[in-house]
Every structure is written in structure tokens, then in C-alpha cells.
Amino acid sequence: MHNRIRELRTGKGMTQEQLAKVVGVRRETIVFLEQGKYNPSLLLAHTVAATLGVSIDELFSFEE
């Protein structure tokens with residue numbers, strides 16, 4: 001699964017730490033999400049997408 005978290009986060013001028021604090025996870029979780037090493041729960045995916053101002057479909061891509 002690919003995602004645009006880093007692109008959208010940096011576009012909003014947010015650090016990994018800031019995004020983590022807003023969505024209620026540790027910074028390491030954001031690191032793993034951005035690297036594609038962690039598949040989030042639906043709730044976390046929704047919260048990250050809402051924080052970054054996009055839909056889940058715009059944030060995550062399930063294509064290889």
C-alpha cells in the first residue's frame with residue numbers, strides 16, 4: 001500500500017511529531033506509515049486523512 005502522507009504533511013508545513021500529536025499516536029507510527037511499513041486502522045487512516053484535508057482514497061493507494 002502506498003500513501004501520500006509525507007507529501008501532504010510537508011505541504012502543510014507539519015513535522016512528523018506535530019502530525020503524530022494531532023492524530024494521537026507516537027512519531028514512530030508516522031514514520032512507519034510514511035515508509036509503508038504499517039497499515040493503519042480505519043480510524044487512524046480517517047483521522048490522518050481528515051487532518052491532512054483529504055479523503056482516505058486520496059491519501060492511500062492500494063495499487064502495486
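Reader: Is Arg9 buried or exposed?
Author: This is a predicted model, where local features need pLDDT of at least 70, side-chain atom pairs count only at pLDDT 80 or more, and totals for chains, interfaces and linings use all residues. Residues are numbered from 1 along each chain as its sequence is written, and side-chain values use heavy atoms, with hydrogens and water left out. Buried means under 20% relative accessible area, exposed over 50%, and partly exposed in between (1.4 Å probe, protein chains only). With a relative accessibility of 7%, Arg9 counts as buried.

Reader: Which side chain does Glu34 meet in a salt bridge?
Author: A salt bridge here is a side-chain nitrogen of Lys or Arg within 4 Å of a carboxyl oxygen of Asp or Glu. Glu34 is buried, at 11% relative accessibility. Its salt bridge spans 2.6 Å, N to O, and the partner is Arg9.

Reader: Which helices hold Glu34 and Arg9?
Author: Helices (H or I, at least four residues) and strands (E, at least two) are DSSP runs, numbered from the N terminus. The salt bridge between Glu34 and Arg9 ties together parts that are 25 residues apart in sequence, because Glu34 sits in helix H3 (residues 27-35) and Arg9 in helix H1 (residues 5-11).

Reader: What is the N to O distance between Glu28 and Arg27?
Author: Both ends are partly exposed: Glu28 at 32% relative accessibility, Arg27 at 34%. Their side chains meet in a salt bridge, and the N to O distance is 4.0 Å.

Reader: What pattern does the protein chain follow along the sequence?
Author: The protein chain has five helices and two strands. Reading along the sequence, you get β-α-α-α-α-α-β.

Reader: How much of the protein chain is made up of buried residues?
Author: The protein chain has 64 residues. Arg9 and Glu34 are among the buried ones. The buried share is 34%.
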